[in-house]
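Visitor: Hi, I'm new to this one. Could you walk me through it?
Guide: Happy to. Here is what we'll be looking at.

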Amino acid sequence: MNTPPSPPGPERTDGSSVQIGALVPLTRPGWVEAGQHLLAGLELAVREVNDAGGVVGRPLELVVRDTAADPQKATAAVDELARLGVAALAGEYHSVVARAAAGRADALGLPFLCSSAVLDALTEQPTEWVARLSPPQSHGWQIYADFLLSAGHSRIAVAAQPSVYWASGTRILRDYLAPRGGTVIELDMSALTPAAVCDELVGNRATALLLLVGHPEPAVPIVKSVRRDQRLAEIMIGAPAGQPEFAEWATLLGDDSAGVPFLRYLPERLSPLGARVEKGLRERLGEAPSFVAFEGYDTVAVLADVLRSHGADRARTAESWPCVAVEGTRGQIQFSRTPGISVWQWASAPVQVVDRDPAEPGRLRIRHAGRESTEV
């Protein structure tokens, strides 16, 4: 392993806490609801670790920094947390922000366990310092493309905003669907109004519209416009990035929130551990936890296990990624090298396509399942 340009964090022996830096979007334009769920999972796991005696007799402590979906703010936070002596970094939801944080963590020699961001190219070059729990975008979005084909959709429009993440998603869908008879029609949301989107869908004879846009704007106005256009009564609206996962979606859209399939990273059935954690997360959040909350919990569970085994030395933490074997809420977590992915990757994270039931929008139903962990 290459020696980092800066020395590892201090190995504290005075009984003080072992600190983990947590990167979380907690203010706009970040996806605040996702950030709150991610933080709830991180905090619940830290509380349980400390209730069980901490890490080798020392309490675990989260040092939380709000990224607000801003890559520059995240990079500055990584620098600050490194100076403060955190043993490792955890968290982040937004892929473009996580990519900036991962690049900086790699440069500083600071271990980073990314909880939720899926962009395949999380770092420019392969790194030993970064590991990830969420499945790569190429894997999850190919499963979503399989769902589209199985549902009979071959002319698929994507309403997309300019972004590395959305452009990557469009490319994955096109590359996967084209050899299988599918067509992807790009609608540039920097140039179209929601009403103009409807005209484009009609003109292109699309049978499905995918929302590759921010939430609530412009996702919510697009859904409302399409749902009210009688010409588009049969079109399916989808949101592979998961906008309908959170309660705000249903609050803002009411009945229009249902029947919009999205990707979710949970098994069909929770293990006893997963069920116990689900109860604790529900109490903490006051609502059903999203998959993002489980990702937060599992992040701390992995880091606590590594810190117990190898201490708080940064280099030893990074060297331990291939040795991890932790029972998480969604299966047995182990990291491996995956072709085309630059970081240590949990390769068997469960993937589902889910939507809100039109008969009961508060209930989620599984529409399609991809490869799942053997532990469910």
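Guide: Let's start with the second largest pocket, which holds about 420 Å³ of space. A pocket here is found on a 1 Å grid over the protein atoms alone, as an open set of points where a 1.4 Å probe fits, with protein on both sides within 12 Å along at least five of seven lines. Its volume is the space filled by probe spheres set on the points, which are joined across faces, edges and corners.

Visitor: Which residues lie nearest the centre of that second largest pocket?
Guide: Arg264, Arg282, Ala288, Pro289 and Leu364, out of 21 residues that line the second largest pocket. A lining residue has an atom within 4 Å of a point. Helix H9 (272-285) and E16 are the elements that give two or more residues to this lining, and E16 has the largest share, with four residues. Helices (H or I, at least four residues) and strands (E, at least two) are DSSP runs, numbered from the N terminus.

Visitor: How many charged residues are in the lining of the second largest pocket?
Guide: Eight, along with 10 nonpolar and three polar residues. Asp, Glu, Lys and Arg count as charged; Ala, Val, Leu, Ile, Met, Phe, Trp, Tyr, Cys and Pro count as nonpolar; the others, Gly among them, are polar.

Visitor: Before we go on, where does the model come from, and how are residues numbered?
Guide: It is a predicted model, in which local features need pLDDT of at least 70 and side-chain atom pairs count only at pLDDT 80 or more, while totals for chains, interfaces and linings use all residues. Residues are numbered from 1 along each chain as its sequence is written, and side-chain values use heavy atoms, with hydrogens and water left out.

Visitor: What is the mean pLDDT?
Guide: The mean is 94, and 94% of the residues reach 70 or more. That score is the predictor's confidence in each residue, from 0 to 100.

Visitor: And where does pLDDT stay under 50?
Guide: One such stretch is residues 2-13, with 20 contacts beyond four places in sequence. Another is residues 372-376, for which the model also has 20 contacts beyond four places in sequence. A contact means heavy atoms within 4.5 Å.

Visitor: Can you show me one?
Guide: Take Arg330 and Asp298, whose closest N and O atoms are 3.0 Å apart. Arg330 sits in the loop between strand E11 (326-328) and strand E12 (331-333), and Asp298 is in helix H10 (residues 291-310), so the pair ties together parts 32 residues apart in sequence. Both Arg330 and Asp298 are buried. Buried means under 20% relative accessible area, exposed means over 50%, and partly exposed lies in between (1.4 Å probe, protein chains only).

Visitor: What about Arg367 and Asp355: how far apart are N and O there?
Guide: They are 2.7 Å apart, in a salt bridge. Arg367 is in strand E16 (residues 360-369) and Asp355 in strand E15 (residues 352-357), 12 residues apart. Arg367 is partly exposed at 35% relative accessible area, whereas Asp355 is buried at 0%.

Note on methods
A salt bridge is a side-chain nitrogen of Lys or Arg within 4 Å of a carboxyl oxygen of Asp or Glu.
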